[in-house]
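Trainee: I have just opened this one and would like to go through it with you. Could we start with the overall layout and then look at some details?

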Amino acid sequence: MSGGHQRGLDGHWYDDAAGPLVRPYAMTGGRTRPGSAVAALDLIALVLAEPGAADDPALEPEHNALLALCRDEPLSVAELAADADLPVGVVRVLLGDLLTLGSVRVSSPVPPAQLPDERILREVINGLRAL
């Protein structure tokens, strides 16, 4: 069983079985949650880059990668995490940074309690069919 860590020729640390190792807290500066001004980002919340948001050299590469992913179409937080190949917790923190900077817009899903009752929707459908 080979589970040792070693430094590759490019200077990055590698795990024999897993590949490159980068600790999530290194990307987020040790933060585990988005800033206090940002509400928790739901996995199905849709994220869209603001029209003027461009690659910013002052941002980390992961921030710019997230901006590039959601520039053309809104993506959920879960999709962004999968497409960026980053843990969801890291993506939430990075999105919190981008939201604070005004670089992204987040549309939260409608809570189930605010959705119309299924019975009412069926009545509407039946009424439309009767027309």
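Trainee: In what order do the elements of the chain run from the N terminus on?

Mentor: From the N terminus on, the order is β-β-β-α-β-α-β-α-α-β-α, and the secondary structure comes to five helices and six strands. Helices (H or I, at least four residues) and strands (E, at least two) are DSSP runs, numbered from the N terminus. Bear in mind that this is a predicted model, in which local features need pLDDT of at least 70 and side-chain atom pairs count only at pLDDT 80 or more, while totals for chains, interfaces and linings use all residues. Residues are numbered from 1 along each chain as its sequence is written, and side-chain values use heavy atoms, with hydrogens and water left out.

Trainee: Which strands form the open sheet, and in what order?

Mentor: Three strands form it in the order S5-S4-S6, with antiparallel pairing; two strands pair if DSSP finds at least two bridges between them. Strand S5 (75-76) and strand S6 (104-107) stand at the edges with a single partner strand each, so one side of each has no neighbour in the sheet.

Trainee: And how many bridges are there between S4 and S6?

Mentor: Strand S4 (residues 46-49) pairs with S6 over four bridges, in the antiparallel sense, and Ala49 stands opposite Val104 in S6.

Trainee: Switching to helices, at what angle do H2 and H4 pack?

Mentor: Helix H2 (residues 61-69) and helix H4 (residues 88-101) pack at about 80°, with their axes 10 Å apart. Axes are lines fitted to C-alpha atoms, for helices over the stretch in contact, and angles run from 0 to 180 degrees between N-to-C directions. That makes H2 roughly perpendicular to H4, a term for angles of 65 to 115 degrees.

Trainee: Which residues make that contact?

Mentor: H2 contributes Glu62, His63, Leu66 and Leu67, and H4 contributes Val91, Leu94, Leu95, Asp97 and Leu98, where contact means heavy atoms within 4.5 Å.

Trainee: What about Asn64, is that residue buried or exposed?

Mentor: Asn64, which is found in helix H2, counts as buried because its relative accessibility is 14%. Buried means under 20% relative accessible area, exposed over 50%, and partly exposed in between (1.4 Å probe, protein chains only). Leaving aside neighbours within four places in sequence, Asn64 is in contact with Ala54, Asp55, Asp56 and Leu59.

Trainee: What share of the chain counts as buried?

Mentor: Of the 131 residues of the chain, 25% count as buried.

Note on methods: Angles under 35 degrees count as roughly parallel, over 145 as roughly antiparallel, 65 to 115 as roughly perpendicular and the rest as oblique.
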